[in-house]
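Please read the points below alongside the model. They are meant as notes for discussion.

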Amino acid sequence: MAGPLMAGLMQAKGAPRRGIRLSDRVLIAGQTGKGKTELARMIVEGMQPVRVIAFDPKGELEFPSVEPARNPGQLVERMHGAVVHYIPASFDRPALEEVCEIVWETPGPYIWWIDEASEVSSPNWCPAGLRLAVTQGRQAEKMVLALTQRLAEIHPVFRSQSEHVILMVPAPIVLDLKTVAGNVRREAGSLDHELSQLHAEYGDYAHLWYVRDTDELRRCAPIPLTSPQVPAPGGDEAEGVESSSCEDSDSA
Ligand SMILES: Nc1ncnc2c1ncn2[C@@H]1O[C@H](COP(=O)(O)OP(=O)(O)OP(=O)(O)O)[C@@H](O)[C@H]1O
Ligand SMILES: [Mg+2]
């Protein structure tokens, strides 16, 4: 039956709030172990049914019955699956360029989940296919869901293009806060204050969710961890995903 995501949509009063759509780019930042991957998993489950292409540089994700691809040839072979799991055997740039080109040339819709964007990009470099997906993937519904521990160590295109920027508590280091502040149109000090308050109130796994279209900053309680559930197709898909436990920030 309806999971927490759908419950959130049904509870929404008045006009539906801006949720996550397949034409969106999403960036989730936070320190290690603070819930980025769990949140990404929830977002991906809430968007089903749609192909998921998971780039897993740390080799930490698990998809039952899906054999990971580890090189470009295996990626091509497995690209038609509903879930494509790629664990790079090499981080050299030509190899990353090749695999990202393969994904970019694959027709949408899909969710391209990059579980650590600083492993596949740097402030000065991003594989062309990945950069194209971020900048030009909206119309073809090539959603990019990028996660990072370090906002200042990823290519700037993720920060500038994302319709949703989600910051997990506790607050990141000052350099990272200053790096992302302009992208979410808030002062670094005010983000630091909001994140500290949120952490004090809810503890780990709470997050601030910036929505670019509406310039909202939402304060979100930790998502409840439940067993994986895939919402029934034909539900509220058009509105996309929204967390059930967010409220507007005072500084929104
Ligand atoms: N919302 C939550 N409620 C309760 N526990 C959570 C929640 N989110 C994450 N956790 C716990 O924290 C652990 C680490 O979470 P997760 O793997 O999502 O961290 P991460 O931010 O992806 O870390 P890393 O950067 O190292 O990949 C999970 O295995 C789970 O035990
Ligand atoms: Mg993780």
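Predicted model: local features only at pLDDT ≥ 70, side-chain atom pairs only at ≥ 80, totals over all residues.

1. Overall make-up. The protein chain has 252 residues, and 45% of them are buried. Its secondary structure consists of 9 helices and 9 strands.

2. Sheet order. The model has an open sheet of 9 strands with mixed pairing, and the order is E3-E2-E4-E5-E1-E6-E7-E8-E9. Strand E3 (83-86) and strand E9 (246-248) are at the edges; each has a single partner strand, so one side of each lacks a neighbour in the sheet. On average, and with direction ignored, neighbouring strands are turned by 15° against each other.

3. Strand E1. Why can strand E1 (residues 25-29) be called largely enclosed by the rest of the structure? The reason is that 5 of its 5 residues are buried. Arg25, Leu27 and Ala29 point one way from E1, while Val26 and Ile28 point the other way, and all are buried. A charged residue, Arg25, is therefore listed with the buried residues of this strand.

4. Neighbours of E1. On one pairing, E1 runs parallel to strand E5 (residues 142-148) and is joined to E5 by 5 bridges. On another, E1 pairs with strand E6 (residues 164-168), also in the parallel sense, over 4 bridges. Ala29 takes part in both pairings: Thr148 stands opposite Ala29 in E5, and Leu167 is the bridge partner of Ala29 in E6.

5. An antiparallel pair. Strand E7 (residues 207-211) and strand E8 (residues 216-220) are paired in the antiparallel sense, with 5 bridges. In this pair, Glu216 of E8 stands opposite Val211.

6. Nonpolar core. The largest nonpolar core holds 67 residues; those that touch the most other members are Ile43, Ile53, Ile111, Trp112, Trp113, Ile114 and Leu145. Helix H2 (residues 36-47) supplies the largest share of this core, 6 residues.

7. Helices H4 and H6. How do the axes of helix H4 (residues 93-105) and helix H6 (residues 128-136) cross? They come within 6 Å, at an angle of roughly 35°. H4 makes the contact through Glu97, Cys100, Glu101, Val103 and Trp104, and H6 through Ala128, Gly129, Leu130, Leu132 and Ala133. By type, the contact residues are 7 nonpolar, 1 polar and 2 charged.

8. Burial of H6. The buried residues in H6 include Gly129, Leu130, Arg131, Ala133 and Val134. Among the elements that cover the buried residues of H6 are E1, H4, strand E4 (110-114), helix H5 (117-120), E5 and helix H7 (156-161).

9. Ligand shell. Which residues are the closest to ligand 1? They are Thr32, Gly35, Lys36, Thr37 and Tyr205, out of 13 residues that surround the ligand. The shell comprises 4 nonpolar, 6 polar and 3 charged residues.

Methods
Residues numbered from 1 in each chain as written. Chains lettered and ligands numbered in written order. Near = placed C-beta within 6 Å. Core = buried A, V, L, I, M, F, W, Y, C linked by C-beta atoms within 7 Å. Buried ≥ 20, exposed ≤ 12 C-beta atoms within 10 Å, placed from the backbone. Helix = DSSP H or I, 4+ residues; strand = E, 2+ residues; numbered from the N terminus. Pairing = 2+ DSSP bridges. Axes fitted to C-alpha atoms, helices over the stretch in contact; angles between N-to-C directions. Contact = placed C-beta atoms within 7 Å.
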